[in-house]
Amino acid sequence: MNDIAAPPESIERIEMAGEGHSLSMLTYRAVSDMIRHRRLRGGDVIVEARLADTLGISRTPLREALQRLEGEGLVRKGDGRNYVVRRVDIGEYLQSLRLRQLIEPDAAVAGIGTIPRRRMIEVRREIADLMGATAYHTDMHWVSDDNLHNLIIDHCGNEVMAQVLRNLRVTTRLFEIDRLKERLQPDSTEHLQIIEALESGDAARTRTAVHDHIESLIGFARQHLLQPHGAASSTT
């Protein structure tokens with residue numbers, strides 16, 4: 001298992017700033033951040049006693065947080081009682097993108113006219129800020145990506161479809177792409193095209209914009225991440 005680095009903020013500091021949040025919720029957020037920032041990587045075994053000590057908490061809120069993360073597909077039960085950070089290889093990543101490509105364009109079309117205009121304006125502004133930043137920020141990239149796709153998921157009007165897409169996005173996010181920075185320009189450009197299509201109310205244009213964005217992700221993965229014999233060039 002990789003050594004567990006301390007999170008950027010201690011649980012105590014977060015707790016002081018987060019009135020009304022339970023310790024288990026704060027722990028859940030801390031561990032989620034550790035997975036997102038690769039302090040806990042795919043395949044890492046989570047030793048509860050060690051992680052609880054790192055976070056400065058008891059094992060009870062940690063166990064509650066891990067149970068929630070298991071339900072979301074970020075961790076799974078390994079051998080014995082320990083949890084393991086879920087590992088996603090390029091095969092599962094590509095298959096998940098293909099399924100998203102079948103579902104997400106229809107979800108976007110269903111959201112036409114129901115997504116609040118102010119939210120589209122906010123997402124458009126986030127994309128512009130990301131593209132205009134003087135330095136690249138991975139977190140800003142992920143936040144922009146989440147907010148764009150969550151517009152579609154949250155307003156598609158079909159909770160079954162929405163949950164499938166949420167689960168698929170967990171899978172695609174767990175796959176670690178070393179070259180994420182190279183996706184900044186195409187992601188931002190394609191996201192703007194999706195926003196513009198949604199604003200236009202044109203169903204065919206919207207469906208095409210979402211389909212082509214996911215096809216771009218698939219093409220990037222195949223071009224940059226596949227070894228000659230189909231092995232993954234993933235950091236997990």
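Okay, quick definition before we start: when I say patch, I mean residues with over 30% relative accessible area and no salt bridge, and for the nonpolar kind, side chains joined within 5 Å. And keep in mind that this is a predicted model.

So, the patch. L99, L102, V160 and V164 make up a nonpolar one on the surface, and together they have about 370 Å² of accessible area. Two helices are involved: α5 and α8, the latter being 159-174, each supply at least two of its residues. Let me pick out L102, which is found in α5. Its relative accessible area is 65% and the cut-off for exposed is over 50%, so L102 counts as exposed.

Now to the inside. The largest nonpolar core has 54 residues, and the ones that touch the most other members are V31, I35, L40, I46 and L51. Helix α5, residues 90-111, gives the most to this core, with seven residues. What is V31 in contact with, leaving aside its neighbours within four places in sequence? That would be L40, L51, L55, L62, L66 and L69.

Y93 sits in helix α5, while F175 is in the loop between α8 and α9, so the pair ties together parts that are 82 residues apart in sequence. Are these two buried or exposed? Both Y93 and F175 are buried.

Key. Residues are numbered from 1 along each chain as its sequence is written. This is a predicted model: local features need pLDDT of at least 70, side-chain atom pairs count only at pLDDT 80 or more; totals for chains, interfaces and linings use all residues. Side-chain values use heavy atoms; hydrogens and water are left out. A nonpolar core is a set of buried Ala, Val, Leu, Ile, Met, Phe, Trp, Tyr and Cys residues joined through side-chain atoms within 4.5 Å. Buried means under 20% relative accessible area, exposed over 50%, partly exposed in between (1.4 Å probe, protein chains only). Helices (H or I, at least four residues) and strands (E, at least two) are DSSP runs, numbered from the N terminus. Contact means heavy atoms within 4.5 Å. Patches are made of residues with over 30% relative accessible area and no salt bridge: like charges are joined within 9 Å, nonpolar side chains (Val, Leu, Ile, Met, Phe, Trp, Tyr) within 5 Å. Accessible areas come from the Shrake-Rupley method with a 1.4 Å probe; for residues, only the protein chains shown count as cover. A salt bridge is a side-chain nitrogen of Lys or Arg within 4 Å of a carboxyl oxygen of Asp or Glu.
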